[in-house]
Amino acid sequence: MRILLVEPPKTPWEMMGDVVAPPLGLAQLAGCLEEAKIPVDILDANALELGLKGLEEAIAHANADLIGMTVFTPYVPDVARALRVARRAAPEAAIVLGGPHVTFTVEETLETMPETDIIVRGEGDQIIVDLARALDAGDGLEEVPGISYRRNGEIVENPAPPPLDLTQLPLPAFHLMPMDRYHFASLGGPFATVVASRGCPFQCSFCSEWPFWRAGWRPYDPEAIVEQLDILVNRYGRKNIWFGDDCFNVNRDHVVAICEGILQREIDVNWYYQGRADLLVKHKDLLPLMRRSGNRMVQLGIEASNDEQRDELNKQLSTETVEEAVRLLREHDIVCQGMQIVGLPSDSPRTMEQK
């Protein structure tokens, strides 16, 4: 059993500027497969600028038994094109999709992307290992948790496994990716992504992350996070790190452990995160420590221009708190970027103009 995890060629998102981001989810899956002694490669066609012809040649050359891709909604057309290429290049391989888009659109995905054999729902770190072992042994799919597939013209959805203990996961397989290709011009050039936790204890109505991860907020071992930072900065020269957590600043002790670990190891890094304004205010005494350890920018989820609309979104956040968070960030020389949803059902010319 040989597995190829593919990041397809992607249409650039103009708003983000010149950026090529590492497929961290694939790297985490690959780390789990390597730990299980299952051969795996990552083909990042996006970073390697392969195009569809190059992608087809690379997949054919890989001779994989299982081909996996992650699907985010904005990139569905790109994945659909890559799927057709993969099926031509590897007609006998099992093609597996995972990620948030397909988790919530199982039936639609299997109907509109007929090249897909199996969908992995939710976090796939252990599921991909169980699936690879089942396929390698020639067993049926019935005992593999968390997958959906076709059987006799019907769609079968196996029960989901329990949420994972993230502290037991291996490090992502950075060595399988072209690390020198990842950059983000707006952040100063070479960069990488790290995830220090999964999920969120809040349940904003517009968000797909908390139902995707299911089990509230779960942290990785902070020592493992600092180890990742050390590897990315000092081995691969990634001086800018984007924390891809749904909400980085949930837990005070977790933030402190990461910041102190960076300082103790003398890791020279600039780092950025998404977080909540109310938690930033609650833990405002940590801002000097976070700044010393390299925090340069925060994305705050403001979402709407007034309290009434945020209440509709179950955001549990007031304008007064947002203003205090912005003031604190400016006071500590940390750039603040506000994230806002445009086009809410209750939006009007008045709310659009509201500051």
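Among contacts between residues at least 6 apart in sequence, what share joins residues at least 24 apart? And what can be said about the cysteines?

Reply: This is a predicted model. Of the contacts between residues at least 6 apart in sequence, 74% join residues at least 24 apart. Buried residues account for 53% of the 355. The exposed surface comes to about 16700 Å², and carbon and sulfur atoms supply 50% of that area. As for charge, there are 33 positive and 54 negative charges, and their mean positions lie 4 Å apart.

Now the cysteines. A disulfide is a covalent bond between the sulfur atoms of two cysteines. With a cut-off of 2.5 Å between the sulfur atoms, the count in this model is 0 disulfides. For Cys204, the nearest cysteine sulfur belongs to Cys200 and is 6.4 Å away, so Cys204 is in no disulfide under that 2.5 Å cut-off. Cys204 counts as buried because its relative accessibility is 8%, and the limit for buried is under 20%. Cys336 is likewise in no disulfide; its nearest cysteine sulfur, that of Cys247, is 14 Å away. With a relative accessible area of 26%, Cys336 is partly exposed, whereas Cys204 is buried.

Methods:
Residues are numbered from 1 along each chain as its sequence is written. This is a predicted model: local features need pLDDT of at least 70, side-chain atom pairs count only at pLDDT 80 or more; totals for chains, interfaces and linings use all residues. Side-chain values use heavy atoms; hydrogens and water are left out. Buried means under 20% relative accessible area, exposed over 50%, partly exposed in between (1.4 Å probe, protein chains only). Contact means heavy atoms within 4.5 Å. Accessible areas come from the Shrake-Rupley method with a 1.4 Å probe; for residues, only the protein chains shown count as cover. Lys and Arg count as positive and Asp and Glu as negative; His and the chain ends are not counted. The place of a charge is taken as NZ of Lys, CZ of Arg, CG of Asp or CD of Glu.
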